[in-house]
Amino acid sequence: MTKPIWIKNIHQLTTLASKEEGPRSKAAMSALGIIEDGSLWIEDGVIQSVGSTEEVERLYATRIHEADIVDATGHLVTPGLVDPHTHIAFGGSREREFEMRLEGVSYMDIMNAGGGIHATTRMTREAKEEEIISQTTKRLDSFLHHGVTTVEGKSGYGMNLETELKQLRVMKQLQQSHPVDLVPTFMGAHAVPPEFKGREDEFIDHLIDEMLPVVADEKLAEFNDVFCEKDVFTPEQSKRILEAGKKYGLIPKIHADEIVAYGGAELAAKVGAISAEHLLKASDEGIKAMAKAGTIACLLPATALYLREDAANGRKMIDEGVAVAISTDCNPGSSPTTSMPLVMNLACISMRMTPAEALTAATYNAACAINRQDKIGSLEVGKQADVVLWNVKNYQELQYLFGVNHTKTVWKKGVKVVG
């Protein structure tokens, strides 16, 4: 057994605790469960008590001598941040494409010329498993130092059975060896690989008949994602892929309406997707359908910034009753960042979300988007002790001072992993 941890005198403790179950929308996204002069008692990796310093001290008066005591005077404490959408396990790099886009070449033109996703696919296919593990470990380390304690990771840079399995097995191995919890998503339908160009439906048959059964049999993924976009997969093709995944117990996710309005948000609602991602061009009808279906909008403002596009309309989605989560979209082509604090800043600046909404979107709602809200995303008794101590005094300051990493200390399952 490890020593208890007592974090006391917290200037502002944002617990994100609520009586509501499931993802939060509208006014509930601003309810942070704030405790001034707050305190946490952590034992065996689990939160045992949450309250004021006076309350927790009184409760554990006879055991305080046993604890590692952390004086958090003047500091903010939040749940560990959750990133619900990344493409973290891949080989190679694409810095040349960044320069090409600045010279005026579009993302889709690069992809259609064999770059973009296809370039990373070639490099990931060629990379040895050990190389991908090494690269991905560095990215996970960086996430942790930015206060992120749980990361969703997608395959999709293989688009053949061998490499898709390689990516998923890398994530499974890192889930066992790295402090960050890594939640796997199968995304064999990230694009149509060059060898199937012009034979898209044959590739979908291959994905459904050859890939999905092995992924399910080896229990390598929890979710099934598809890039529903013009010149990638149509809504009809996307629906077929997602419905096939459901038969294997994989929960649907969908990259939707990123480049053009394409009916992706509507499809997400129709198939019961847990989340729809990107949504820069989502229609009013699609937003309303997602709100009614309870589909979470996973918004990626760093990607929009990096591609010099207008960000998704997070303000409208929240006002319409959609639960919003945010993510880095960490990937080699359109958002090579691991900074969730920056993403929270951008959610406020480019999507008109409030600082409170941005924090909810990066913690509790993000946990809901990967079906982990019973364990993480808020600081409540019985939950996993994923905790961040920040070098700021309140949540407003965390969003106000943008472009700076304010992480001071991170505990993962009650173990200090940063600081």
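Let's start with Phe203: its relative accessibility is 0%, so Phe203 counts as buried (under 20% relative accessible area; exposed is over 50%, partly exposed in between, with a 1.4 Å probe and protein chains only). Keep in mind that this is a predicted model, where local features need pLDDT of at least 70 and side-chain atom pairs count only at pLDDT 80 or more, while totals for chains, interfaces and linings use all residues. Residues are numbered from 1 along each chain as its sequence is written, and side-chain values use heavy atoms, leaving out hydrogens and water.

**The Phe cluster**
- Phe196, Phe203 and Phe233 are linked into a cluster by ring pairs (Phe, Tyr or Trp rings, using the six-membered one for Trp, with centres within 6.5 Å; planes under 30 degrees apart are stacked, over 60 edge-to-face, the rest tilted).
- Phe203 and Phe233 make a stacked pair, 6.4 Å centre to centre with 25° between the planes.

**Helix 9 and helix 10**
- The axes of helix 9 (residues 264–271) and helix 10 (residues 284–293) come within 7 Å and cross at roughly 20° (axes are lines fitted to C-alpha atoms over the stretch in contact; angles run from 0 to 180 degrees between N-to-C directions).
- So helix 9 is roughly parallel to helix 10 (under 35 degrees; over 145 is roughly antiparallel, 65 to 115 roughly perpendicular, the rest oblique).

Definitions and conventions
Helix = DSSP H or I, 4+ residues; strand = E, 2+ residues; numbered from the N terminus.
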